Every structure is written in C-alpha cells, then in structure tokens.
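Please examine the following model with attention to its ring pairs and to the packing of its helices.

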Amino acid sequence: MNKILFSSISKKFVMATAGLFLLLFLPVHLLINFMLLKSDPEPFNKAAHFMATFPLVKVFEIVLIGAIMIHITWGIMLQIQNWLARPVGYVSGSKADTSFFSRFMIWTGSSVLIFLVLHFFNFYFVKLGLVPGDAEDFYSIAHNLFKLPMYNYIYLTCFTLLGFHLYHALGSAFQTLGLNHRIWTPVVKVISIIYAILLPAGFAFISISLWLFR
C-alpha cells in the first residue's frame, strides 16, 4: 500500500490534482484583488471579511492550504528523485526530451513559494493575529505595500515566473491524469498559454496601477 501511495506516479497524480485545484482558485483571487482598484475600500474589505469568516470558505481555505502543501512537498520530492536518478546531470540529447519550462519548474515554483511566504506574513498571519495589523482593513495594508518599489519588484518578478510555471503546469496536469487526446490536447495547450499570460498580467496590472498611478 505504501509503495503505491508513495510511488512516483502516485505523487505526480496527487500533485497534478492539487495543482488543478490551485489553478481554479487563482482567478477567484484575481477578481477579488481587482476591487483594490476602487477608491472605496469597503467592497474589498467586505470580500476579505467574507472570505475570512464564512464557514464554507473556511473549509475551502483548509483544503486550499492542504493542496498548496501537498503540491509543494510532492514537487520537491519528485525533483530530488529526478536529480538522484541523474547524478551526472543531463546527457547529450536528453534535454531535447524535456521542455524548457519543465526543466525549470522547480525554480519557478520556488519563486512562487517565496512569494507565498511573504503573502502569508502580510495578510494571512495578520488574520490569525500572529502578525500586527488590522484584519478588517486589508485594503489599506495592500495599498501601503504597493507603494513600496521593492515590494512591486518582488511581486512582478514572482508573477512573471508564475506565468512560466502555469504554462507548463496545466498541460502537464492533464497529461499526468491521462487526459491526452488528439483534439483536446492542442486546445489545452492554447488555454494554457492564454491562462499563463492573462492571469499574471491581471495581477501585474493591479500592482502597477496602485504603484504608479495612485
């Protein structure tokens, strides 16, 4: 049983499922963040309050954090397994079998992890009372952060790398789940490109708007 549960294929399957769940969550987060562009803080703060207090969302939050932890842990374990399986690195010709984005998934994923830690300290830990701040006024916290050039540099860099991560992730998840199809696979690739461009672009638009035009 343990061999099945912790096999490379099982890890990829669980990681792909958790990854798809995260891909569904990110557009919701983006839609809420667009409320930061309003001059009235109430809609964003109300949405943040709802997300922090509504029981069903709190259950979803536990599932989401679990999905993040599984995705990160399994991703690191699979990468270590790959490194150990190739102790002398790629031999000539092997790189052709692996896409550019696939080879750098661990690094683009690591940048996302760094941003998540930062994001948790700035918002989630404030909500939990572990870090000082007004949990009922995330609008002001976000606006104050986006006034800082360094925060925007980190934010934009991480979301650019997230775009690369997402581009490979969607197609890879479908492949891992055995959903390859001669018609649908090209469609998934097109959707991956659109998703990987539009989603980070949306977050970047909010960052640049609040940084340079407010």
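The structure holds 16 aromatic pairs, a pair being two rings of Phe, Tyr or Trp (its six-membered ring) with centres within 6.5 Å; planes under 30 degrees apart count as stacked, over 60 as edge-to-face and the rest as tilted. The rings of Phe 120 and Tyr 124 are tilted, because their planes stand at 45°, with centres 5.1 Å apart. Tyr 151 and Tyr 155 also form a tilted pair, with centres 5.9 Å apart and planes at 35°. The model is predicted: local features need pLDDT of at least 70 and side-chain atom pairs pLDDT 80 or more, whereas totals for chains, interfaces and linings use all residues. Residues are numbered from 1 along each chain as its sequence is written, and side-chain values use heavy atoms, without hydrogens and water.

Tyr 151 and Tyr 155 lie four residues apart in helix H8, about one turn; helices are DSSP runs (H or I, at least four residues) numbered from the N terminus. Both tyrosines are buried, that is, under 20% relative accessible area, where over 50% is exposed and the range between is partly exposed (1.4 Å probe, protein chains only). Ring pairs link Tyr 151 and Tyr 155 with Phe 115, Phe 146, Phe 159 and Phe 203 into a cluster. Phe 120, by contrast, is partly exposed at 22%.

Helix H8 (residues 149-176) also contains Asn 152, which is buried with a relative accessible area of 0%. Leaving aside residues up to four places away in sequence, Asn 152 touches Leu 145, Phe 146, Lys 147, Ser 207 and Trp 211, contact meaning heavy atoms within 4.5 Å.

How values were computed:
Helix = DSSP H or I, 4+ residues; strand = E, 2+ residues; numbered from the N terminus.
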